[in-house]
Amino acid sequence: MIELLTGDALFSDSITFYGELSRTSIIIFACLSFFGVAVLVMTLISLISFIITGAPFIATSKSLTRKIVALAKIQPGERVYDLGCGDGRFLIEANKIYGAKAVGIDISPLVCGLAKLTVWIKRANVVIRCADFETYDFLDADVIFFYLVPDQMPILRKKFKGLKKGCRILSRRFEIDGYEPLQRIQIKKRFGYEPVFIYQI
Ligand SMILES: C[S@@+](CC[C@H](N)C(=O)[O-])C[C@H]1O[C@@H](n2cnc3c(N)ncnc32)[C@H](O)[C@@H]1O
């Protein structure tokens, strides 16, 4: 039997169709706007921080962060530092998944604010200190992670004197001159590989 849609029935079907369509488009538009605003805010924070402190904030991607944290073989209760912690993602993973006592140090007040907000949103137990790691005492570290620039490697080398025996150090991308890494690892990314150097005191 063929049912003919006429008049009101046809009209109400069109309304339902366009209602559904507009709801879906609103959701897609809202998601895209949220993503766009997030990217814009991150870019602005990075730019302003760079102008104020001369130190660029470039976050390690979440998947790479997960892989690097796993390489650190963190035991519950170990004290883990990220020197130049950005939004604190390495430490949030270290605390929430591996039970680390995590401390993040960042020189940029804006980036520290972002890190504190992220830690609060993720309900992680991570301490964020707004400081220059060059003058910060982190000699109680069991694990140290950083993603910095090559010019900072000689400063770090000096800071590592006096670290606890067994302390693991993970550097994303750059080697520390004068220290022989325990492992040089190439982590697979979407495009190519990323070197991570692991040292042990
Ligand atoms: C490339 S970002 C890495 C962020 C984070 N560790 C990550 O991998 O996602 C480097 C960060 O180090 C911080 N930084 C640079 N020099 C610093 C210093 N002397 N003391 C503390 N933080 C510093 C910058 O503000 C920036 O947020």
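Me: What puts Arg-172 over the face of Tyr-147?
Reply: Arg-172 lies at 4.0 Å from the ring centre of Tyr-147. A charge sits over a ring if NZ of Lys or CZ of Arg is within 6 Å of the ring centre and within 35 degrees of the ring normal, so Arg-172 is listed as lying over that face. Do keep in mind that this is a predicted model, where local features need pLDDT of at least 70 and side-chain atom pairs pLDDT 80 or more, while totals for chains, interfaces and linings use all residues. Residues are numbered from 1 along each chain as its sequence is written, and side-chain values use heavy atoms, without hydrogens or water.

Me: How far from the ring centre of Tyr-193 is Lys-188?
Reply: Lys-188 is at 5.5 Å from that centre and also lies over the face of the ring.

Me: Why is the pair Phe-138 and Phe-160 called edge-to-face?
Reply: Their ring centres are 6.5 Å apart and their planes stand at 75°. Rings of Phe, Tyr and Trp (its six-membered ring) pair if their centres lie within 6.5 Å, with planes under 30 degrees apart stacked, over 60 edge-to-face and the rest tilted, so this pair is edge-to-face. Phe-138 sits in the loop between β3 (126–130) and β4, and Phe-160 in the loop between α5 (153–159) and β5, so the pair ties together parts 22 residues apart in sequence.

Me: What makes Tyr-179 and Tyr-199 edge-to-face?
Reply: Here the centres are 6.2 Å apart and the planes at 80°, so this pair is edge-to-face too. Tyr-179 is in the loop between β5 and β6, and Tyr-199 in strand β7, 20 residues apart.

Me: How do you know that the buried residues of α2 line one face?
Reply: In α2 (residues 62–71), Leu-64, Thr-65, Ile-68 and Val-69 are buried. Seen down the helix axis, they fall within an arc of 135°, so they line one face. Their cover includes α3 (89–98) and β4 (143–146).

Me: Which residues come nearest to the ligand?
Reply: Of the 22 residues around the ligand (a heavy atom within 4 Å), Thr-60, Gly-84, Asp-106, Asp-132 and Gln-152 come nearest. A backbone N or O atom of Gly-84 lies 2.8 Å from a ligand nitrogen.

Methods
Buried < 20%, exposed > 50% of the residue type's maximum accessible area, 1.4 Å probe, protein only. Helix = DSSP H or I, 4+ residues; strand = E, 2+ residues; numbered from the N terminus. Arc of directions from axis to C-beta. Contact = heavy atoms within 4.5 Å. Polar contact = N/O pair within 3.5 Å; in protein donor to acceptor, adjacent residues only side chain to side chain.
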